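Reader: I would like to go through some terms used for a protein structure. Please set each value against its definition.

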Amino acid sequence: MSRSTIWRILDDADLKPHRSVYWLNSHDPDFEAKARDICQLYVQAPQGYQQGRLVICCDEKTGMQILQRKHPTRLARPGQPEKREHEYIRHGARALIASFVVPTGQVVWNLGKTRTSEDFAAHLANVVGQCPGMRRYDWVVDNLNTHWSLDVCRVVAAWSEVPFVPKDLRRGAQRRAFLCDPSHKHVFHFTPKHGSWLNQVELWFSVLARRFLKRGDFASAAEFEARLRAYLDEYNAHYAHPYRWTYTGQPLVRATPFSQTRRQQRHGRAWFSPRPQPFKRLLYSPRPYKRHSKPLAADL
């Protein structure tokens, strides 16, 4: 067979043998149950928000380096890409603790130099202060030890009006069980091991890295913090929107039909080539995404 024949066969089957990517396998025995529970929260988040139930995804973005290029960046020109100097001056680092409000897309954040358990508890108080009057709060977090510390248990017990007994919360398993109690007003949902990608705030962190951090050039830490706060305020005012979550928690197994994969569900139709034929692009154009932004504490 010629090279063109092999290329057509691989292209029709959507195979790229020359590419290789890393993947991380989760050995959590309860992976499917935990993933299904979190995905169900995302699906019911808009309806629950109208009933006073709020779903919040929370995590930290640590090690954000404040870099200043030694020489100015050359802007893109016709036929030439943007050129950045690889040498830089480092002005320290900052840690961002952010919470993504699932039904509205709003982001609540705390910026500082550390991400200790006290910082995380203070961030939870900041979120609750900006989202008052809710009947229940569902927090989606990963298994970092600061997320189930004694400080977090203390504030959750006070908000849920339940007794706080430190001697009964000495071990991590006891604290996680206390935070996951569905009878509380604030309920924590921990992602499975190696399953932090189920947390929607990770999607927003990727947007922050591409649009703000990747090409950043900051002369000082104060300038970095001021520009970051301005970016976050602008995002909440003009660009915040809920994400369309397509993963249902059911694993994709071998021999899954093409029409049932996430890529085909996203386009609403099935084809074998990664790029549709011209007549298919004309007849079945991708459906536009309609964004309906709402204030953070709307409909309360």
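Reader: Where is the place of R84?

Author: R84 is in the loop between β1 (53–69) and β2 (88–101). Helices (H or I, at least four residues) and strands (E, at least two) are DSSP runs, numbered from the N terminus. This is a predicted model, in which local features need pLDDT of at least 70 and side-chain atom pairs count only at pLDDT 80 or more, while totals for chains, interfaces and linings use all residues. Residues are numbered from 1 along each chain as its sequence is written, and side-chain values use heavy atoms, with hydrogens and water left out.

Reader: Why is R84 called partly exposed?

Author: Buried means under 20% relative accessible area, exposed means over 50%, and partly exposed is in between (1.4 Å probe, protein chains only). R84 has a relative accessible area of 39%, so R84 is partly exposed.

Reader: What makes R84, R210, R211 and K214 a positive surface patch?

Author: Lys and Arg count as positive and Asp and Glu as negative; His and the chain ends are not counted. Like charges are joined within 9 Å, and nonpolar side chains (Val, Leu, Ile, Met, Phe, Trp, Tyr) within 5 Å. The place of a charge is NZ of Lys, CZ of Arg, CG of Asp or CD of Glu. R84, R210, R211 and K214 form such a positive patch.

Reader: Which residues make the nonpolar surface patch?

Author: M1, I6 and I9 make this patch of about 340 Å²; accessible areas come from the Shrake-Rupley method with a 1.4 Å probe, and for residues only the protein chains shown count as cover. I9 is in helix α1 (residues 3–12). Its relative accessible area is 45%, so I9 is partly exposed.

Reader: Is C131 buried or exposed?

Author: C131 has a relative accessible area of 2%, so C131 is buried. Buried residues make up 36% of the 300 residues in the protein.

Reader: How many disulfides does a search of the whole structure find?

Author: The search finds zero. A disulfide is a pair of cysteine sulfur atoms within 2.5 Å. For C180, the nearest cysteine sulfur, that of C153, is 9.9 Å away, and C180 is in no disulfide. C180 is partly exposed, because its relative accessible area is 32%.

How values were computed. Patches are made of residues with over 30% relative accessible area and no salt bridge: like charges are joined within 9 Å, nonpolar side chains (Val, Leu, Ile, Met, Phe, Trp, Tyr) within 5 Å. A salt bridge is a side-chain nitrogen of Lys or Arg within 4 Å of a carboxyl oxygen of Asp or Glu.
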